[in-house]
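Here is a short note for a colleague opening this entry. Please read it beside the sequence and the 3D view.

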Amino acid sequence: MIEADQYRGTVSALAPDVERPLWSVMIPTHNCAQYLGATLRSVLDQDPGPNLMQIEVVDDNSTQDDPAAVVRAVGQGRVGFFRQERNIGHVANFETCLNRTRGHLVHILHGDDRVRPGFYEKLGQAFELAPEIGAAFCRQIFIDASDQTLSLSPLEETTAGTLPNALLRLAQEQRIMTPSIVVKRKVYERLGAFDRRLTCSEDWEMWVRIAANYPVWYEPEPLAQYRIHEASSSARHQRTADDMAYTRAAIKIFQAYLPEDLQPTAERHARRVYAVAALVAAGHMLEKGDVFAFFAQLREALRFERSPGILMRVARMLVRSGIGRLRHG
């Protein structure tokens with residue numbers, strides 16, 4: 001059993017007299033108001049009413065736009081709004097989201113992402129069919145800044161149900177984007193909030209933590225849309241390769257959640273997956289002409305794994321780029 005500790009804030013249980021809707025849809029924002037209207041409409045189009053769903057935007061002190069104005073215009077009084085007095089970072093803002101929830105089921109939906117019709121119905125049914133689960137997630141669609149589809153996440157199972165070998169599968173690779181998963185509030189109450197040591201991959205660590213304690217449901221229909229764009233925090237961290245550094249930290253943290261006999265397999269697989277991912281990111285950065293980011297991602301690839309295969313790929317990339325000759329000529 002994994003309890004909250006000094007790295008994870010407490011999610012306090014609610015008083016018995018608090019009115020509890022079924023859903024809490026919490027929408028963290030920070031300088032993403034241009035997408036927020038579409039995010040809100042995707043939820044409001046499925047709104048079962050305030051008795052069943054809390055909808056609230058939690059803004060991390062945006063300075064470049066006005067999310068409150070979007071909430072007023074689109075929410076028309078239906079959507080709550082809370083603004084941090086200062087910017088506290090997205091992990092701490094997630095913690096605020098969790099502690100402001102009243103619903104039994106919690107959905108954190110980034111202010112630049114969306115859900116598709118049927119999301120709340122399908123994932124809500126999962127908890128009815130399998131009351132023992134701690135969380136349920138669906139397949140996700142990756143979209144760009146213009147709403148164009150980039151790709152689909154891999155199909156985990158062809159039919160809906162409790163995900164087999166969920167702990168090992170989730171520890172081997174990040175398979176769940178935050179907008180695609182719903183978690184029982186009492187799970188957060190027991191396990192605590194997101195790990196403050198992580199600025200990236202804090203979501204991955206959380207999903208593995210949950211899978212170590214509860215069964216997890218998978219819905220194969222793609223009902224959530226995760227947006228990839230240059231202004232996102234993920235894109236900013238990719239340039240410095242902090243995304244990969246924190247991924248390594250997350251892998252180290254959650255090894256303790258796995259039985260000892262699974263730890264070597266899970267860690268080896270995860271390190272190989274993200275060594276390759278870092279090389280792919282390095283290639284993209286080189287195409288953009290960003291040499292700093294190219295080398296940052298290349299270094300992280302080697303910190304994940306220095307197998308002959310990875311070393312060979314690094315050497316090929318340096319040769320093709322001409323940078324190796326430039327730096328050593």
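What percentage of the 329 residues in the protein chain do buried residues make up? The share is 54%, where buried means under 20% relative accessible area, exposed over 50% and partly exposed in between (1.4 Å probe, protein chains only).

1. Basis. This is a predicted model, in which local features need pLDDT of at least 70 and side-chain atom pairs count only at pLDDT 80 or more, while totals for chains, interfaces and linings use all residues. Residues are numbered from 1 along each chain as its sequence is written, and side-chain values use heavy atoms, with hydrogens and water left out.

2. Overall build. The protein chain has 13 helices and 10 strands. These are DSSP runs numbered from the N terminus: helices (H or I) have at least four residues, strands (E) at least two. The radius of gyration is 20 Å, close to the 20 Å of the globule rule for 329 residues, so the chain is as compact as a globular protein of that length. That radius is taken over C-alpha atoms, and the rule is 2.2 Å times the number of residues to the power 0.38.

3. Along the principal axes, the C-alpha atoms fill a box of roughly 70 × 45 × 40 Å. Of the contacts with a separation of 6 or more, 78% join residues 24 or more positions apart. Contact means heavy atoms within 4.5 Å.

4. H9 and H11. The axes of helix H9 (residues 242-254) and helix H11 (residues 291-304) come within 9 Å and cross at roughly 15°. Axes are lines fitted to C-alpha atoms, for helices over the stretch in contact, and angles run from 0 to 180 degrees between N-to-C directions. The two helices are therefore roughly parallel (under 35 degrees; over 145 is roughly antiparallel, 65 to 115 roughly perpendicular, the rest oblique). On the H9 side, the contact residues include Asp243 and Arg248; on the H11 side, Glu300 and Phe304 are among them.

5. H9 and H10. Here the axes come within 11 Å and cross at roughly 175°, with H10 covering residues 263-287. H9 and H10 are therefore roughly antiparallel. Met244, Thr247 and Ile251 of H9 meet Glu267, Ala270, Arg271, Tyr274, Ala277 and Ala278 of H10.

6. Ser153. This residue is found in the loop between strand E7 (149-152) and strand E8 (161-162). Its relative accessibility is 4%, so Ser153 counts as buried. Leaving out residues up to four places away in sequence, Ser153 touches Arg139, Gln140 and Phe142.
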